[in-house]
Amino acid sequence: YNAWLGFNRVESSKISNPYVDWCGRIVAAEKGEIFGTAAAELTRGIESLFGIRPLTSESTEGFRCITFGTFEGGNELISRTFGAEIRSTIVPEGYAIKTNAADGCIAIGASTASGVLYGVFHLLRLLGTGCSVDKLELVENPNNGLRMINQWDNIDGSIERGYAGESIFYVNNEITMNMERVRDYARLLASIGINAIAINNVNVHKYETMLLTDKFLPDVAKLADVFRAYGIKLFLSINFASPIEIGGLSTADPLDPTVRNWWSRITAKIYTAISDFGGFLVKADSENRPGPFTYGRDHADGSNMLAEALQPHGGIVIWRCFVYNCKQDWRDRSTDRARAAFDHFKPLDGRFHDNVILQIKNGPMDFQVREPVSPLFGALEATNQVIEFQITQEYTGQQRHLCYLVPQWKEVLDFQTHAKGGNPSVKRIVDGSVYGRRFGGFAAVSNIGNDANWTGHLLAQANLYGYGRLAWNTELSAEAIAEEWVRLTFGGDDRVVRTIKGMLIHSWSIYESYTAPLGVGWMVNPDHHYGPNVDGYEYSKWGTYHFADCRGVGVDRTVKTGTGYAGQYMGDNAARYESVENCPDELLLFFHHVPYTHVLHSGVTVIQHIYDSHFNGVERAEQLEETWSGLAGIVNEGLYEQVAERLKEQAEHAREWCDMINTYFYRKSGIADQLGRKIYS
Ligand code: GCU
């Protein structure tokens with residue numbers, strides 16, 4: 001279960017001598033769990049790459065070596081390699097790596113053990129991708145303080161929106177005893193810089209509510225032990241109604257002193273079991289989950305209560321902003337789900353305690369293949385926040401279709417908010433720098449399960465890998481990340497690298513082109529969300545409509561004639577989205593209801609665009625299959641077959657999407673395809 005940490009053996013003819021020289025010895029003096037992890041990982045990586053087992057010692061004996069340690073840890077090589085100037089540029093989880101020819105070492109220095117571990121993984125990445133290490137001189141600091149993974153795992157072993165088997169954390173209503181698999185996961189996460197994990201679904205049901213109790217806490221603590229060795233803090237998703245469900249109280253009112261007391265006591269108990277417990281992740285008043293609204297309180301009251309319980313122990317509350325009316329009437333055109341997060345949370349800006357972080361989904365709806373960026377980014381000035389992405393491909397092909405999501409995330413992060421009278425991008429808002437916030441960062445829903453390849457679709461591993469790398473360094477390009485992942489996973493053969501990288505890079509656009517058009521979203525089968533169903537959600541309570549009729553399609557979210565959502569943006573963004581002329585094509589139907597004959601910036605009508613993009617999407621999906629077939633006999637046969645099978649299904653399923661959408665719009669509009677292609681009438 002190594003995934004990208006498998007480190008393919010480098011052919012001996014290709015190993016240059018200096019490599020082996022450096023890698024023959026590891027010098028490390030400091031004691032502690034994470035240092036032990038660092039030494040073990042380095043040893044393991046070197047063994048797989050070069051087939052040699054490095055000697056480890058506490059001091060150098062004049063041989064070349066790799067050494068690591070903290071600046072104050074008493075390792076002489078580290079002290080000599082890194083002067084005060086470099087040290088002062090490194091934040092607690094950052095590190096420096098330098099090839100120190102004079103002392104004959106490659107040195108990895110940091111101010112904390114976690115920093116050392118990240119540095120070790122960086123060096124392994126360099127070795128694993130064949131980079132020269134003779135003249136290294138680099139400094140790395142993470143862009144984001146919090147780099148978190150959310151598991152949507154249930155204690156019965158199922159995973160909400162999981163597409164890669166069952167949970168690795170739970171079996172049959174118990175916490176797993178198979179810590180090996182959990183440890184493998186911790187390794188993968190630490191190798192990409194993840195430092196926090198919430199181990200249960202945000203929808204906290206009856207049994208999961210009991211994770212806080214003596215029944216489960218000792219086993220939760222065992223999971224925390226595994227993650228601690230990799231520098232990862234453990235969080236629990238909690239049920240806001242816990243005081244009632246497991247505490248025997250008659251209320252969960254956040255302003256009730258008995259409730260506050262109950263949370264303080266249970267929190268203290270958690271810290272007795274797990275001294276470095278991270279804190280709570282909360283989904284409240286959303287999709288039928290309990291929350292403060294029941295008691296006439298708001299989200300600041302609810303989260304602050306938990307924050308006070310956690311504060312003495314240094315814990316934090318991560319409170320989700322995915323709050324909307326999920327019992328809407330489709331006849332009611334004035335309610336707009338897209339508005340909900342902003343409407344709920346903007347008025348509360350400044351009321352949250354210092355150890356509360358709001359977790360905001362990247363878009364205003366729900367992880368669609370295309371959505372605008374949530375207008376909350378930039379609008380909250382006095383509130384800690386993290387951005388939430390969905391690595392698991394709920395709406396992007398469920399790991400049966402290929403969809404590399406890093407390009408989508410990059411677009412979101414680079415979006416200019418027009419906040420603060422300037423133009424900071426989302427990435428600078430969420431890292432906390434624009435408004436000088438104490439906490440900031442990334443959270444994302446994991447895409448792994450107990451499948452042997454972790455992610456169902458082997459190539460979906462690139463999304464997990466990419467998420468971590470991007471959370472660490474938002475400046476990395478989607479291409480660079482893809483290339484790293486391919487090299488580490490499949491080795492350095494140029495043809496393999498070029499081919500898989502190309503497939504990854506185009507996959508988001510391919511998926512978008514044969515699914516819901518021009519940003520309107522949904523059009524999927526209700527509940528499981530796989531496959532086309534244009535009107536699947538059209539008359540539902542979920543607030544997810546496209547309003548197609550015989551004249552046109554799209555949601556009017558303008559201030560002038562629609563729901564007013566466009567007005568939640570700042571400056572030019574509001575103006576751009578409000579105007580049907582200036583709205584970007586790819587979001588046109590998210591913001592406007594237009595006739596099928598409306599001409600896009602691209603020069604074609606909306607209806608012709610729908611036909612073109614869908615036919616084209618099918619062709620491109622078929623090309624993916626063909627491109628992959630070029631790697632037969634070049635990549636490992638087992639891996640080749642797995643991917644080939646998924647790509648075949650994708651191509652067939654893309655055809656299903658295309659036919660259904662094209663027929664739907666042909667029937668609605670009565671307008672024929674200008675190119676006369678086959679549309680079923
Ligand atoms: C989506 C998803 C749910 C999930 C929810 C959430 O709506 O379909 O399964 O619970 O997001 O983010 O809380």
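Ala, Val, Leu, Ile, Met, Phe, Trp, Tyr, Cys and Pro count here as nonpolar, Asp, Glu, Lys and Arg as charged, and the others, Gly among them, as polar. On that basis, the shell around the ligand consists of 8 charged, 4 nonpolar and 2 polar residues. The model is a predicted one.

The shell has 14 residues, of which Glu160, Lys283, Arg320, Asp366 and Glu394 come nearest to the ligand. For Glu160, an N or O atom of the side chain is 2.4 Å from an oxygen atom of the ligand. For Lys283, the distance between a side-chain N or O atom and a ligand oxygen is 2.7 Å. Arg161 also places a polar side-chain atom 2.9 Å from an oxygen atom of the ligand. On its own the ligand has 310 Å² of accessible area, and the protein covers 96% of this. The site of the ligand is the second largest pocket.

In an unreviewed entry, residues 129–454 are annotated as "domain: Glycosyl hydrolase family 67 catalytic". This span is 25% helix and 15% strand, and its end C-alpha atoms are 22 Å apart. Residues 455–677 are listed by UniProt, again in an unreviewed entry, as "domain: Glycosyl hydrolase family 67 C-terminal".

Conventions. Residues numbered from 1 in each chain as written. Predicted model: local features only at pLDDT ≥ 70, side-chain atom pairs only at ≥ 80, totals over all residues. Heavy atoms only, no water. Near = heavy atom within 4 Å. Polar contact = N/O pair within 3.5 Å; in protein donor to acceptor, adjacent residues only side chain to side chain. Areas by Shrake-Rupley, 256 points an atom, 1.4 Å probe, with all protein chains shown as cover. 1 Å grid on protein atoms, 1.4 Å probe; cavity = no way out; pocket = protein on both sides within 12 Å on 5 of 7 lines; lining within 4 Å. Sits in = over half its atoms within 2 Å of the grid points. UniProt positions renumbered as here; feature names shortened; annotations may be inferred. Helix = DSSP H or I, 4+ residues; strand = E, 2+ residues; numbered from the N terminus.
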